[in-house]
Amino acid sequence: MVLFGGYGGSFLGDTWTYQATATTISTYSTVSQWKVLVGLILFHGTLSATGQGIAGQMVTFNLNGPVRGSCTATTDSQGPASCSVVVRPLFLVLLIHSFSAAYGGSANYEASSATGTVHFSYFLG
């Protein structure tokens, strides 16, 4: 197999066969603020392939469970992406336990997804 710019290819006769490179997303999330009856949930994820971050790709984060919310972020030069969702009223934050992150794939990279747990880190009054 020969690697070209993020995807692999093989040559058989006069035909090239391309295979997109597998990707993974590592995730974490925190509820970082509580202010005036509002909760702010920060999502973080790193998109990578073959151990290297992938830049310039869209990752979508979704809350799982009875409270809905989502945001989309573009990965930076090392593969991380971050965005946030505001939850109102504040008590709904207590119903949130998990979230998902999804990358839809491209011609060069396969789609991938991951789930994570929402962690309460600190609270501001």
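Tutor: Let's start with a rule: rings of Phe, Tyr and Trp pair if their centres lie within 6.5 Å. Planes under 30 degrees apart count as stacked, over 60 as edge-to-face, and the rest as tilted. Keep in mind that this is a predicted model. With the rule in hand, ring pairs link Phe43, Phe61 and Phe99 into a cluster.

Student: How many aromatic pairs does that rule give?

Tutor: The count comes to two.

Student: What makes the pair of Phe43 and Phe61 stacked?

Tutor: Their ring centres are 5.5 Å apart and their planes sit at 10 degrees. The cut-off for stacked is under 30 degrees, so with planes at 10 degrees this pair is stacked. The pair also links distant parts of the chain: Phe43 belongs to strand E5 and Phe61 to strand E7, 18 residues apart.

Student: And why is the pair of Phe43 and Phe99 called tilted?

Tutor: Here the centres are 5.1 Å apart, with 50 degrees between the planes. An angle under 30 degrees would be stacked and one over 60 edge-to-face, so 50 degrees makes this pair tilted. Phe43 in strand E5 and Phe99 in strand E10 are 56 residues apart, and the pair links those distant parts of the chain.

Student: What would an exposed residue look like, say Gln78?

Tutor: Exposed means over 50%. Gln78 has 56% relative accessibility, so Gln78 counts as exposed. Gln78 lies in the loop between E8 and E9. Leaving out residues up to four places away in sequence, Gln78 touches Thr46, Gly53 and Ile54. Gln78 and Leu47 are 31 residues apart in sequence, with 8.6 Å between their C-alpha atoms.

Student: Back to the inside: which residues have the most contacts in the largest nonpolar core?

Tutor: That core has 25 residues, and the ones with the most contacts inside it are Ile25, Phe43, Phe61, Leu63, Val87 and Ile96. The elements giving two or more residues to it include strand E5 (38-49), strand E7 (58-64) and strand E10 (98-103). Over the protein, buried residues make up 37% of the 125 residues.

Student: What makes up the fold, helices or strands?

Tutor: Strands: there are eleven of them and zero helices. Also, among contacts between residues at least 6 apart in sequence, 53% join residues at least 24 apart.

Student: Where is the confidence lowest, and where is it highest?

Tutor: The lowest is in strand E1 (residues 2-4), with a mean pLDDT of 38, and the highest is in E8, at 96. For the protein, the mean is 79, and 74% of the residues reach 70 or more.

Note on methods: Residues numbered from 1 in each chain as written. Predicted model: local features only at pLDDT ≥ 70, side-chain atom pairs only at ≥ 80, totals over all residues. Heavy atoms only, no water. Core = buried A, V, L, I, M, F, W, Y, C linked by side-chain atoms within 4.5 Å. Buried < 20%, exposed > 50% of the residue type's maximum accessible area, 1.4 Å probe, protein only. Helix = DSSP H or I, 4+ residues; strand = E, 2+ residues; numbered from the N terminus. Contact = heavy atoms within 4.5 Å. pLDDT = per-residue confidence, 0-100. Phe/Tyr/Trp six-rings, centres within 6.5 Å; stacked < 30°, edge-to-face > 60°.
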